[in-house]
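Colleague: I would like to go through this model and ask what stands behind the words used for it. Please set each value against its definition.

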Amino acid sequence: MTALIKGRTGEWEVVIGLEVHAQVISNAKLFSGAATDFGAEPNTQVSFVDAAFPGMLPVLNRFCVEQAVKTGLGLDAEIHLQSVFDRKNYFYADLPAGYQISQFSRPVVGKGSIALDVPDGTTRAIGITRVHLEQDAGKSLHDQHPSKTYVDLNRAGVALMEIVSEPDLRTAEEAGAYLRKLRSILRYLGTCDANMEEGNLRCDCNVSVRKPGGKLGTRCEIKNVNSVRFVMQAIEYEARRQIEVIEEGGAVVQETRLFDSGKGVTRAMRTKEESHDYRYFPDPDLLPLTLDAAWVERLKASLPELPDAKKARFMRDYKLSASQASALVAEQETADEFEKLQGRVAKVVLISPSTTANTVINVVSFIAGERGMTPAQFIRMNDVHGALILQQKNVISGRMLKEVLEGVAESTKSAEAFVDEKGLKQVTDTGAIEAAIDAVLAKEPAKVAEYRAGKEKLLAFFVGQIMKATQGKANPALVNELLKKKLAG
Amino acid sequence: MNLTALTIGQARERLRRKDFTARELAEAYIKAMEAARPLNVYLVETPDRALAAAAQSDARLQKGSALPLDGVPVAVKDLFCTDGIETTAGSKILGGFVPPYESTITANLWRNGALMLGKVNLDEFAMGSATITSARGPTENPWRRKGDNRPLVPGGSSGGSASAVAARAALAATGTDTGGSIRQPASFCGIVGLKPTYGRCSRWGIVAFASSLDQAGPMTRDVRDAAIMLHAMAGHDPKDSTSAPLPVPDFEQAVGQSIKGLRIGIPKEYRLDGMPKEIETLWQRGIDWIKSAGATTVDISLKMTKYALATYYIIAPAEASSNLARYDGVRFGLRVPGETLDAMYENTRGQGFGAEVRRRVLIGTYVLSAGYYDAYYLKAQKVRTLIARDFNEAFKSCDAILTPTAPSAAFAVGEKMDDPIAMYLNDVFTVPVNLAGLPGISVPAGLSQDGLPLGLQVIGKAFDEETVLRVAGVLEDAAKFGALPAFVAGTA
């Protein structure tokens, strides 16, 4: 993949760093006991601490710290045994205290990395600069009243992890792959639902352009982009915009921009919206956060197998290709169901993991997707393993597998019952197949003559006719074998 | 019998002996509270609540199952949030604010049987040294200079608390001390004021001024009462992350114990140029008392003292500027509408905060600003560390430190008011103690030439309030401070 964009004056390299805000999975907020359920009635999940009433004090939620540390460990990052919570001061109606408690100079997690899968089967490491914990703000609702703004504080104080990458990404595709990989890791860890549509994963993109190998250009920050697709579109647009500005003799101005997903463009925020001096200082209501090294070690030992390790194991133990393994491990559930399926089928018949993997990746994913299910859900609800056994036993052909799975999904029968009922059993009775071949050959004497004269391509035509005559139930290998014999005369 | 003349220790005994009831004591104080109205001490009077609590105290006293503070009528500084009772911090911006929760400290007091007489005045958001910055007007000191009837300030910011206790309009009061706000008014009003170690008392439910310095404590008639009150107030509170997870000692047991063999540090840097002679004399008298009680004195050096006020006036406003950001007109208190959100903020905060609060919010915002942070806030934090180190070093050679509480006696309303710096100098002896997070007490030790009370301060090691109380008890016994203010509620 080329990382360069062609402009009028030559090639340009795009430099991208992402700041992801990931909502921590936790029943309670970062500094209060209020609940965090998504979609609750406005202002029903607000404590006096969240609303910053006089005299209220924050108390750190230990579980949220555990989640952040797990995330750090999952990103192969340094865990700082001492970190500090700072106040980021600014006025806004949905920021009750007038400051956000965040971590500025001493975050809980330091440098780490994420491995991106490259199409050639290798990986590329993208640096993680830091991960810190901070509070979310509330929501200002501007559309409820013609002249008033309503404030919903349900989200105020919910724990976020800000995950900052190094400026290591070079294309919009890479940025997309980074987000998908990050999402996968967070879900494996159970530290963030990573649902961009629900807003529990939000992304700020820092984009600049430079001549290949030149010094870094001035960057712009695109705030709060809320889907992987939009992130890619925003970066693509922004890079081309900057190249155009420079090529027309202008200079990129460091600024904060917003992505207009309707028009597919980025536009500058009004300067007033960004000219903040946040006056960071350590929050005197909170002691420095001190972690016990043994506790961190215990957390590390309790981590689940993460996508990269699982992928390596799948390649090693199941002899899967890199792309097969990557496809399976992206979602933990899919990987789990694949392993269970392989185990169950292999108990009954000989099956290569690659066959099972392809079934899950190609057939099951497609059918499940059409039904709005995940592959894992489909496998749990339907008799995929029965269908695979029938296929391996040559009861049904590979090409009938899809039809059987679709039938099973509609009828909720076992694969075997469905095949019996529909009479889909593959015909392996040589007599019946020979009869069908004879009938087809008798109908097409001219083509038989052509074949025998050397036009061997016609074999496929005869196979097609025979399969049609047997409603696809004839065993293709047998058909081939018997047909060749008969044509040979 | 003059019930309001008793200390907590005395009243406790006599309530248990059933010489009088909690109700009778409460009624006496309710009368005194009403009589003290000319001093502008109470912002809210809660006599019904006091009587209801007294009835419960009487029931327990009858059964012989009295709580430690049963029947003790207390005035609460209006910085403590009280459930269902207006809490304003002396500010217009919190006018009409009625908290739906009770501060940990006051809840602890009520749980121990104390009853609330009402909420008392203070400098707005506890910012001041004279109780003159309150939106509800200044509070008067019940003392007068000899032959001069001009009203005097009670000190601040806990001036309402000090005035109430001195004028016998409350048996005890809660105060808060960020830079001297318990000790200096105690000194000005001739009572005992104890600032505990930072972390000893929970800050939960106290309107915050400067979080790393604020500490609640008792203001009482004598040292034993301070110990009794502190025992009820103190303790670890999981709702305050800075509260210390330590057991609460039996403070009262320390009062009256000998100080024989103790080493008392005398810091040379506290001898200020231009300090009034009578303060110097008072201090020397304190040293003599200590020595005759069998303790030795040690000359110590607290080198960073001269930087303490400057350091304090960076750190405290910095934290305040952030702590006070929540008063924005959006959720509670005053809202002055505006065309835009920013205009609403400007109108609300411009009209809601008084001049001193605005000044400190401005200073605090400035010292935290980009480009100034390192030169001011960060430098101040470093100096603060050095000040604490000074004390740690000093405590290697002594067990407690003796100093004057304030560089002067109470001044008149109008004096020192045009110069904020002169006002800030009131706290020169008390501020270092807050910066180091140490316990300190002010004990009335004598009268000025004008006949005004003067206090001596005892500073202790962190979480060693017991030694502080021991030394304070000895000073109290030696000083035999028996003078009464010009105004004593109910006797005028």
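Modeller: The contact takes 34 residues from chain B and 25 residues from chain A. This is a predicted model, in which local features need pLDDT of at least 70, side-chain atom pairs count only at pLDDT 80 or more, and totals for chains, interfaces and linings use all residues. Residues are numbered from 1 along each chain as its sequence is written, while chains are lettered from A and ligands numbered from 1 in the order in which they are written.

Colleague: What makes two residues count as in contact?

Modeller: Their C-beta atoms, placed from the backbone, must lie within 7 Å. On the side of chain B that touches chain A, the largest share, 3 residues, comes from helix 10 of chain B. Helices here are DSSP runs of H or I with at least four residues, strands are runs of E with at least two, and both are numbered from the N terminus.

Colleague: Why is Ala244(B) called buried?

Modeller: A residue is buried if 20 or more other C-beta atoms lie within 10 Å of its own, exposed if 12 or fewer, and partly exposed in between, with C-beta atoms placed from the backbone. Ala244(B) has 20 other C-beta atoms within 10 Å, so it is buried. It is found in the loop between helix 7 and helix 8 of chain B. Leaving aside neighbours within four places in sequence, Ala244(B) is in contact with Gly199(B), Arg200(B), His236(B) and Phe463(B).

Colleague: How do you know that chain B is as compact as a globular protein of its length?

Modeller: Chain B has 16 helices and 11 strands. Its radius of gyration is 21 Å, close to the 23 Å that the globule rule gives for 492 residues, so chain B is as compact as a globular protein of that length. The radius is taken over C-alpha atoms, and the rule is 2.2 Å times the number of residues to the power 0.38. Buried residues make up 60% of the 492 residues in chain B.

Colleague: In chain A, why is one side of strand 5 and of strand 15 left without a neighbour in the sheet?

Modeller: The open sheet of 3 strands has the order 5-4-15, with antiparallel pairing. Strands 5 and 15 of chain A stand at the edges, each with a single partner strand, so one side of each has no neighbour in the sheet. Two strands pair if DSSP finds at least two bridges between them, and 4 bridges join strand 4 of chain A to strand 5 of chain A.
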